[in-house]
Amino acid sequence: MSNNLLKGKKGIIFGALNEHSIAWKVAERAHEEGAEFILTNAPVAIRMGELDELAKKTNSDVIPADATSIEDLEKLFDAATRKFGKIDFILHSIGMSLNVRKGIHYTENNYEYYMKGMDISAISFHKVMKVAMQKDVMNEWGSVLALSYIAAQRVFPNYNDMSNAKALLESIARNFGYHYGVNKKVRVNTISQSPTATTAGSGVKGFDAFINYAEDMSPLGNASALACADYCISLFSDLTKYVTMQNLFHDGGFSNVGVSQKVMDKFM
Ligand SMILES: NC(=O)c1ccc[n+]([C@@H]2O[C@H](COP(=O)([O-])OP(=O)(O)OC[C@H]3O[C@@H](n4cnc5c(N)ncnc54)[C@H](O)[C@@H]3O)[C@@H](O)[C@H]2O)c1
């Protein structure tokens, strides 16, 4: 259903890998709501080929960029400026931990992997905004969003070093959000999403138990990737102009529940 919430708006969407990706759903919804955008991902992800299908469907260009590379980001924003002039929204939907991928326990983390994970999953958000600000690519009242998880605040043992990356990501949103607000009237937020069955999500050990537990704990149940996309659209729209520097829980109520009856019943 379209309400033309993003009519005339231009943007960049990072992180659509396949149809399960949260960014994929955001791109589909943004297109329905009248936005135009560039799709970008790491070169290795683009070589997998699935992004072309989304590009065709949403009438978008695909531009490869490793989000940790300032040079790639500069080229990406230059291309966006050539195509659109200034832009109105950016989605950072990027996460990867080599310690998670290689099954290395949190207490035994490999620091080369740890630094790489921080760079990809958190510091890249700073890099994206630094280059965007230097090149003055955003329109006033633009909106920048990244995706987080409640492991930034609470312990979920198997989430490993991604917990630290998400804490840093949320802190970057607050701090950069201050400066971007003062200097350019651009808002910056993170959405803390329910566990969602995507490539990145399913990489976490014991993900099935994890997602079922969250489902039983949340009064509304887990929020789907599509519901997350709807929330992103609202935050890119002009209806949320004064929301900034926030970590916004989109989790069916999970974050405010101590224990649910459904979970209690399993122990009775
Ligand atoms: N799936 C969940 O349970 C869940 C819950 C809360 C938050 N999130 C967050 O949502 C975001 C999107 O993840 P997803 O679940 O849609 O999984 P996904 O695997 O579909 O997306 C992750 C994306 O990150 C991209 N990426 C990795 N390294 C990159 C790099 N160097 N440069 C540019 N892109 C790179 C991947 O190619 C991929 O497209 C992530 O930040 C993730 O942590 C996911």
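What radius of gyration would a compact globule with 268 residues have, and what does the protein have? A compact globule of that length would be near 18 Å, and the protein has 18 Å, which agrees. The radius of gyration is taken over C-alpha atoms, and the globule rule is 2.2 Å times the number of residues to the power 0.38.

Colleagues, please note that this is a predicted model, in which local features need pLDDT of at least 70 and side-chain atom pairs count only at pLDDT 80 or more, while totals for chains, interfaces and linings use all residues. Residues are numbered from 1 along each chain as its sequence is written.

I turn to the overall picture. The C-alpha trace spans about 60 × 45 × 40 Å along its principal axes. Eleven helices and seven strands make up the secondary structure; these are DSSP runs, numbered from the N terminus, with helices being H or I of at least four residues and strands being E of at least two. Of the 268 residues, 44% count as buried, meaning that 20 or more other C-beta atoms, placed from the backbone, lie within 10 Å of the residue's own; exposed means 12 or fewer, and partly exposed lies in between.

Finally, I draw your attention to two loop residues. N59 sits between α3 (51-58) and β3 (61-62), and has a positive phi of about 55 degrees although it is not a glycine. N59 is exposed, because 9 other C-beta atoms lie within 10 Å. M245, in the loop between α10 (225-236) and β7 (246-250), is likewise not a glycine and has a positive phi, near 65 degrees. M245 has 17 C-beta neighbours inside 10 Å and so counts as partly exposed.
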